[in-house]
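Open the model in your viewer and keep the selection tool ready. Each stop below tells you what to select and what is there.

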Amino acid sequence: MQPSSPGLRQGGFTLLEVLIAVAIGSIVLTMGMSAYTEHQKRVRLELVVADMKMAELAIFSYFQDYQRYPPSLADVGFTKLDPWGNPYQYLNIANAPAPGKGKGKGGVGKMRKDKNLVPINSDYDLYSMGPDGRSVGPLTAKPSRDDIVRANNGAFIGLAADY
């Protein structure tokens, strides 16, 4: 065994080695957290889409029984909250009377609209207000971009920003 000399390293890590290890660990952790956050967003979106399809089925069943759309989601027994704790939003367009009118298309002011301010549905609107819990009629408005919407009378269910 060699005697130790004052200039030789005894063991352990230098400050530089520890800093490099911490930096590498931080980079790996950051990448993992961003991937996990994106995964959570996808899962929540898929959950909302599945919930909305269940609501559509309940609304369709109600329509088959009564030949009209229900006044509210509660009337079809759908009282679930979205993944952010907000109730799903529903507007019966087909049966709502227009302001100052009797029967017929109505509620036009509250209808969800696309970038050209054209209503996205003609039967009913069904949507989640998304993570921010805020929404306005036009999908292009900032509070509505994160909404998950039913559009084209059910042909599209997804993120408002993708519509």
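Start by selecting Leu117, which sits in the loop between strand 1 and strand 2. Helices (H or I, at least four residues) and strands (E, at least two) are DSSP runs, numbered from the N terminus. Leu117 has a positive phi of about 60° although it is not a glycine. Most residues other than glycine have a negative phi. Is Leu117 buried or exposed? Leu117 is exposed, at a relative accessible area of 53%. Buried means under 20% relative accessible area, exposed over 50%, and partly exposed in between (1.4 Å probe, protein chains only).

A word on the model. It is predicted: local features need pLDDT of at least 70 and side-chain atom pairs count only at pLDDT 80 or more, while totals for chains, interfaces and linings use all residues. Residues are numbered from 1 along each chain as its sequence is written, and side-chain values use heavy atoms, with hydrogens and water left out.

Next, select Gln67. Gln67 lies in the loop between helix 1 and strand 1. Gln67 is not a glycine, yet has a positive phi of about 60°. Gln67 is exposed, with 56% relative accessible area.

Now go to helix 1, residues 15-66. Select Leu16, Ile20, Ile24 and Val28. Together they form a nonpolar patch on the surface, with about 400 Å² of accessible area. Patches are made of residues with over 30% relative accessible area and no salt bridge; like charges are joined within 9 Å, and nonpolar side chains (Val, Leu, Ile, Met, Phe, Trp, Tyr) within 5 Å. Accessible areas come from the Shrake-Rupley method with a 1.4 Å probe, and for residues only the protein chains shown count as cover. Leu16 is exposed, with a relative accessible area of 58%.

Turn to the salt bridges. How many does the structure hold? There are six salt bridges, each a side-chain nitrogen of Lys or Arg within 4 Å of a carboxyl oxygen of Asp or Glu.

Select Glu56 and Arg150. Their closest N and O atoms are 2.6 Å apart in a salt bridge. The pair links distant parts of the chain, 94 residues apart: Glu56 is in helix 1 and Arg150 is in strand 3 (residues 148-151). Glu56 counts as buried at 17% relative accessibility, and Arg150 counts as buried at 3%.

Asp123 lies in the loop between strand 1 (89-92) and strand 2 (124-128), 27 residues from Arg150. Asp123 is buried, at 10% relative accessible area.

Then select Arg134 and Asp132, whose side chains meet in a salt bridge at 4.0 Å, N to O. Arg134 counts as partly exposed at 48% relative accessibility, as does Asp132 at 34%. Salt bridges that share partners join Glu56, Asp123 and Arg150 into one network.

Finish at the residues that line the largest pocket, among them Thr37, Gln40, Trp84 and Asp162. Helix 1 gives the most to this lining, with five residues.

Methods. On a 1 Å grid over the protein atoms alone, a cavity is a set of points where a 1.4 Å probe fits but cannot get out, and a pocket is an open set with protein on both sides within 12 Å along at least five of seven lines; lining residues have an atom within 4 Å of a point.
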